[in-house]
Amino acid sequence: TAEIMSHVTAHFGKLLEECRQESGLTTDILEEFQHFWREDFEVVHRELGCAIMCMSNRLTLMHDDARMHHANMHDYVKSFPQGELLSGTMVELIHNCEKIHDDIPDDCDRIVKVAACFKVDAKKAGIAPEVAMIEAVLEKY
Ligand code: BOM
């Protein structure tokens, strides 16, 4: 659900600042991670892909090949309140997007495409949070 997704995004987004330097993601591109879900934010910058890879690696959510670690992602999402209601859907949506973009050799380029695909599919599935929902839970993490 969107409520659970707001918690996952709030927690995951806390890692953004420590990944800015190595990813080159400037505040001009994305000021705060929760803006990822804004209607008018376009998920297109390679640097965002690099940042998501860096953030995911801090939580060991990716394999060495920069693809999602399914078991760890399941456990990560399940660690949030009612996370078990979201974990299966989330892993499935991300994996489906990975399959679609598997031919892109550059990790950062591929991950930003996977993230854009996931944003679209999460909206369709009704699990995309409103930015205000994320801001309401930011203080918990
Ligand atoms: O193959 C790469 C898999 C990683 C893609 C992850 C997509 C996440 C998009 C950004 C949205 C984040 C919200 C919560 C974080 C969960 C990882």
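Contact is taken here to mean heavy atoms within 4.5 Å, and helices (H or I, at least four residues) and strands (E, at least two) are DSSP runs, numbered from the N terminus. The structure is a predicted model, in which local features need pLDDT of at least 70, side-chain atom pairs count only at pLDDT 80 or more, and totals for chains, interfaces and linings use all residues. Residues are numbered from 1 along each chain as its sequence is written, and side-chain values use heavy atoms, with hydrogens and water left out.

On the α3 side, Arg46, Leu48, Gly49, Cys50, Ile52 and Met53 meet a set from α6 made up of Asp107, Cys108, Asp109, Ile111, Val112 and Ala115. Sorted by class, this contact holds eight nonpolar, one polar and three charged residues; here Ala, Val, Leu, Ile, Met, Phe, Trp, Tyr, Cys and Pro count as nonpolar, Asp, Glu, Lys and Arg as charged, and the others, Gly among them, as polar. Helix α3 spans residues 46-58 and helix α6 residues 107-124, and the two pack at an angle of about 90° with their axes 7 Å apart. Axes are lines fitted to C-alpha atoms, for helices over the stretch in contact, and angles run from 0 to 180 degrees between N-to-C directions. The helices α3 and α6 are therefore roughly perpendicular to each other, on a scale where angles under 35 degrees count as roughly parallel, over 145 as roughly antiparallel, 65 to 115 as roughly perpendicular and the rest as oblique.

Attention can now turn to the cysteines. A disulfide is assigned to a pair of cysteine sulfur atoms within 2.5 Å, and by this rule there are three disulfides. Counting bonded cysteines along the chain, the pattern is 1-3, 2-5, 4-6. Burial is also reported for each pair, with buried meaning under 20% relative accessible area, exposed over 50%, and partly exposed in between (1.4 Å probe, protein chains only).

The disulfide of Cys19 and Cys54 has its sulfur atoms 2.0 Å apart. Its torsion about the S-S bond is about -80°, so this disulfide is left-handed. Cys19 sits in helix α2 (residues 16-23) and Cys54 in helix α3, so the pair ties together parts 35 residues apart in sequence. Cys19 is buried, with a relative accessible area of 0%, and Cys54 is buried at 4%.

Cys50 and Cys108 are joined with an S to S distance of 2.2 Å, and 115° about the S-S bond makes this link right-handed. The pair connects distant parts of the chain, Cys50 in helix α3 and Cys108 in helix α6, 58 residues apart.

For Cys97 and Cys117 the S to S distance is 2.1 Å, and the link is left-handed, with -75° about the S-S bond. Cys97 belongs to helix α5 (residues 87-100) and Cys117 to helix α6, so parts 20 residues apart in sequence are tied together. Cys97 is buried at a relative accessible area of 0%, while Cys117 counts as buried at 13%.

Finally, Leu30 is found in the loop between α2 and α3 and counts as buried, at 1% relative accessibility. With neighbours within four places in sequence left aside, Leu30 is in contact with Arg20, Leu25, His35, Phe36, Phe41 and Leu48.
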